[in-house]
Amino acid sequence: MTLLKKQYSVLPGFGVTLGITLFWLSLIVLIPFAVLFGWAAQSGVEGFLKTILNERVIHSLYVTFGTSLIAVLINIVFGLVTAWVLVRYTFPGKKIIDAFIDLPFALPTAVAGIALTTLYAPNGLLGSLFASLGIRIAYTPTGIVIALIFISLPFIVRTIQPVLEDLEPELEDAATCLGANRWQIFAKVIFPAIAPALLTGAAMAFARAAGEYGSVIFIAGNIPMVSEITPLLITAKLEQSDYTGATALAVLMLMISFLVLLLINLVQRWNNQRNGMN
């Protein structure tokens, strides 16, 4: 006769943990979003469209999401290189450099914004050099991109790093023995393994960059129709006690960010299914 031993989990059962999860998710995420949509709905469809279709708002969205996309694309390349160096090579000062990667997480964003503005302003250390060449960085969308690169880099590096650590170098050695060159090894062996993590890091970096305020507000210059970001318009409407207009812009940014994240997740799912079929 076989004795069946009841399995006990470390945490409470499924019903209890699911209830706690739904309660906490509702309290932290769903209820605030519901209130946000409620405030935005007070102006009606006509008022909502009037707010979001304003020329100044549309340009600020273009600046916000355009600079975020550029920053993420740049970080995908240099973040991958940085993660590769930290994983595959040993050199003096490696731990210090590795710790610097997390600095944007710990550093107050306003401090980062002031530091970058001081550095890239027309009279700054680097800004003066570019100014002599007729290139202006601070108070332009270029300055915004630099600030967003700074705050979004850790998301790319930290999501790729564990995958590279688990990737066996023997696979690359085997590909080399079979006659593959470096590009073929990267395209056929390395990239398929890191692609899901890369997409996840890019999604988190984009969401973080699109909602960034503190590090951007100083270096952007906030010039209407030039370098003004949507979070600044939201803050301006709040200062004017236009809560309905502010929540309308917040809902718009929320919807755009959600659609972008949904698209990235669908692409990642499709990539995983394709790899599973192969």
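These numbered points describe a predicted model of the protein, from the overall fold down to one residue.

1. Secondary structure. The protein has 13 helices and zero strands.

2. Dimensions and surface. The C-alpha trace spans about 75 × 60 × 35 Å along its principal axes. The accessible surface of the protein is about 17,000 Å², and carbon and sulfur atoms contribute 70% of it.

3. Of the 278 residues in the protein, 34% are buried. Among contacts with a separation of 6 or more, 75% are between residues 24 or more positions apart.

4. Charges. The protein carries 15 positive and 14 negative charges.

5. An unreviewed UniProt entry gives the annotation "domain: ABC transmembrane type-1" for residues 61–264. In the model, that stretch is 79% helix and 0% strand. The C-alpha atoms at the ends of residues 61–264 are 20 Å apart.

6. Thr-51. This residue lies in helix α2, which runs over residues 44–52. Thr-51 has a relative accessible area of 18% and therefore counts as buried, the cut-off being under 20%. Leaving aside neighbours within four places in sequence, Thr-51 is in contact with Val-57, Lys-237, Gly-245, Ala-248 and Leu-249.

Technical notes. Residues numbered from 1 in each chain as written. Predicted model: local features only at pLDDT ≥ 70, side-chain atom pairs only at ≥ 80, totals over all residues. Heavy atoms only, no water. Helix = DSSP H or I, 4+ residues; strand = E, 2+ residues; numbered from the N terminus. Buried < 20%, exposed > 50% of the residue type's maximum accessible area, 1.4 Å probe, protein only. Contact = heavy atoms within 4.5 Å. Areas by Shrake-Rupley, 256 points an atom, 1.4 Å probe, with all protein chains shown as cover. Lys, Arg positive; Asp, Glu negative; His and termini not counted. Charge placed at Lys NZ, Arg CZ, Asp CG, Glu CD. UniProt positions renumbered as here; feature names shortened; annotations may be inferred.
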